[in-house]
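I opened a notebook page for this structure.

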Amino acid sequence: MPQGPECLSTILVQPFQQAAPYTMPTGYCGQPYNHPSQGQTCAQSQQMQHSVVPASSGNNLGAPLHPIVSYPSAPGSSQYGTLRSSQIAAGQPPVPTLMQPPPTQSSSQQYPQGNGATPTPAHQGYGAAPLSQTATVNGQSNAGGESSSTTTGSASPVPNSYESLEGGSYPDLSAPPTGVPPKQAPPFGYNYPTMHPAYQQNPTPRTDSSPSHGGYNPPGYQQYSQPFPSLSELSSALGGLSSVPDLEVETLRPVNLLQERNILPPKRTPPPEPNLSNDLRKVNCSPDTFCCTLTNIPQTQALLNKARLPLGLLLHPFRDLTQLPVITSNTIVRCRSCRTYINPFVSFLDQRRWKCNLCYRVNDVPDEFMYNPVTRSYGEPHKRPEVQNSTVEFIASSDYMLRPPQPAVYLFVLDVSHNAMESGYLTVFCQSLLDNLEKMPGDTRTRIGFVTFDSTVHFYNLQEGLSQPQMLVVSDIDDIFIPTHDSLLVNLKESKELVKDLLNALPGMFTHTRETRSALGPALQAAYKLMSPTGGRVSVFQTQLPTVGTGVLQSREDPNLRSSTKNVQHLGPATDFYKKLALDCSGQQIGVDLFLLSSQYSDLASLAGVSKYSAGSIFYYPSFHHIHNPSQRQKFQKDLQRYLTRKIGFEAVMRIRCTKGLSIHTFHGNFFVRSTDLLSLANVNPDSGFAVQMSIEESLADTSLACFQAALLYTSSKGKRRIRVHTLCLPVVSQLSDVFAGADIQAISCLLANMAIDRSISSSLSDARDALVNAVVDCLTAYRANGSNIQPSGLIAPSALRLFPLYVLALLKQKALRTGTSTRLDERVFAMCEFKSQPLHQIMRIVHPDLYRIDNLTEQGALHLNDSVIPQPPLLQLTAEKLTREGAFLMDCGSVMYLWVGKCCNEMFVRDVLGCPNYASIPSSMTEIPELQTTYSERTRAFISWLLESRTFHPAFYVVKDDTSAKTSFFQHLVEDRTESAFSYYEFLLHIQQQMPK
């Protein structure tokens, strides 16, 4: 038993009473819900706020509050209640060649899938019940997902499930998608075709911008002289451009990839803008929040199939916003049929009627909606803020609650085994929490608690009035129980001093422990029992394999197979314990976030399930040590600062609706699917992204616009029920040329990455890799077949898709999907988790990092922001050909940054930026740039700070010398270069060309 310092009393608790068995939760409505510290009635907690509503800013650590427009309700307004809804019954087959995993029988069908491919329930073998069975929603029987709420007045009955609370979708859609195995291609990456005559493996003559030594060998590019189709010829062959602007004409410009080497734009390009009228474009949703793989929606599934491109949405629904209209109104206007929220893309037939832009039903305009809170005048419903903004947030009424809004509840579950104490993470954690305790989101009801564990589980009594924290030790881990229910989760405001005492004492309490075993499973069971009455967030810190009690895991990694070119084993979980526990947690509105700080294999493939299916987050710090690995320590500190202070939403659900005729069939992200199209998010945070795949079930010929709407219903940390709504509008096209012209290649690559991760787990890694290659082959084949009557030699792509092969090659070289390069199993699994849960911009930095030369920064073309000059160096291709010994190069990989310094780098840069007298004196463990009062230093730091402003988590930073072993990790990201087990970019283009039918 650990011996605490004098400030802590320790009690060994025996199971003096029958412990409650660990069972599946009952209906969420039936849970006890008491707030001894609440001090206010339910009615008081739901009073609507007026005037200015604070919200989190978009800045890194989420502290400054920005004023946000709040619209009060009109005087004397009436309630606009919930309506009857039903769930999607089914969908049509998607594009057959795009990585749809074949249905296989699952051993855990009774647990609906959350993370990963989550089709509609008619998919047998995907873990959901067939449609003929009664669906269980929120622990209650709800046959077919039908809602019982059918009234339209304020006297509507209490909703009995989230399905009825948020409102369903179309009642009459048809059969679900079925998987069609993709075309098989031979494995690649370790078998090379005969070298093209123009591909030189010998060093090329050095120029000023090329490397100073023969180690970096740029490939030679064949110069073709065949006739090339003009744009008019191409347009004619594609059936003509349907009156597209000049920008779309440029996106269709044919590019010979084997001939045009410099296809990377000098700056990050924004996503393609939909071809909409200026009025619609102004009010459309930001692509940072909501974007589609195709900004021109094909009119039919046949046209989509012809283009051979995936159709899907990428969503970042809860991201930090500096401007967000918050609407306080008793009337939340929604379509009576499909439950779409009124938005800028509806049409008003007159002042009293509006037409839904998703299902086209004509609805009445409620009396209150006639009042415009902005102009304070009546009779202008089309000028209401809901109709002027595509992203809005409503303060929800009691109709959108199943119970009084929960308080913010935080439970920290901490590994205190010998391994954990050796790493030193606990000291860093306790100090970070002390520093940020006042900044954690919440109000006067916020609760906090702590559980520590090694081979036993330890609870901490922090009840107000105690002179010191009291430690309660439960050694019976086979039948874990809660020693006391009323003093382990305490009001933070009332017990703040005891919490601080505990955080100051914890690192010293287990310093000399010899206990090496880890009872993670029982600790998680205890957390579940402790949090079930309220819900909230559980933060788990683990440093090794769980070795005792339920959820015990064995090492499954063979270090000799890390470089295998064959299929990688053990990408899936070894046990369903963590998934089952996560589903139990989700049912009780408990989200579990996992921090894994381990230098040894810890079976993240199994542990990750506890976060994936409870809408949690996963953080991984390989080889963490608070002294020996300063960069990881700094990253852990910065990540904790963001994690503890960022905005959070509790007991959330999200539904995505789309224009009638379109159907969503697969979700990607961390969540639990409560019904066919309702995602349960016990916690929602501003750093998580989601993706969905879609198909076209009915022709869209009768409409010129397709719309998509995501509605996120959540409880804020202040106890307010809110609905954040995003609406996206895109044009519908009938010409293949328009489909190609509107392709968003970054969104396409991101969606394909999600699909490939699913395929690698459900089938095999080689299948996933082949399917990615086939996606490029099929798309370019479709373009060639339909694009031009003149067939020049080479590999032709429309300009909009010119980066497609490069991004897919980069994907194939990622830790998640690569073969033949030594990759630890936990690191591979974590990379897969990141692809499944990160927003688009973060995924793209991981896939294709940004490379800049920064030893010669100038003010030419610089940005001038807030009296600062931000240099803007051009992006460089990810090849060693662009490196030179005389330079310094910054590579931004999203979660990590490398500063590579050449051996002959300008001494002024070494002195004025790195603070070292010469190259030899640069320390090999340098992890930050010093603040020096020199022009070089200020420019460099201004540029790096500007890069960091656009992200929420701080990257690890490494200064890499050209003569250190650390440069290997830097060179791994040069995706255009050949490795022992993978193609160079030029070889990959040749491979694609060979795979295309003649």
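**Entry 1: Arg308.** I am working with a predicted model. Next I looked up where Arg308 sits. I found Arg308 in a loop, with helix H6 (301–307) on one side and strand E10 (312–315) on the other. Then I checked the backbone. Arg308 is not a glycine, yet its phi is positive, at about 55 degrees. I noted this because most residues other than glycine have a negative phi.

**Entry 2: Glu651.** I found a positive phi here too. Glu651 is not a glycine, and its phi is about 35 degrees. I placed Glu651 in strand E26, which covers residues 649–658. Is Glu651 buried or exposed? I looked up the relative accessible area and read 2%, so Glu651 goes down as buried.

**Entry 3: cysteines.** How many disulfides does a search of the whole structure find? I wrote down zero. I wanted a reason, so I took Cys658 as a case. The closest cysteine sulfur to that of Cys658 belongs to Cys338. The two sulfurs are 9.9 Å apart, which is too far for a bond. A disulfide needs the pair of sulfur atoms within 2.5 Å.

**Entry 4: cysteine burial.** Cys658 has a relative accessible area of 6%, so I marked Cys658 as buried. Cys833 has a relative accessibility of 6%, and I marked Cys833 as buried. The cut-off I used for buried is under 20%.

Technical notes. Residues numbered from 1 in each chain as written. Predicted model: local features only at pLDDT ≥ 70, side-chain atom pairs only at ≥ 80, totals over all residues. Heavy atoms only, no water. Buried < 20%, exposed > 50% of the residue type's maximum accessible area, 1.4 Å probe, protein only. Helix = DSSP H or I, 4+ residues; strand = E, 2+ residues; numbered from the N terminus.
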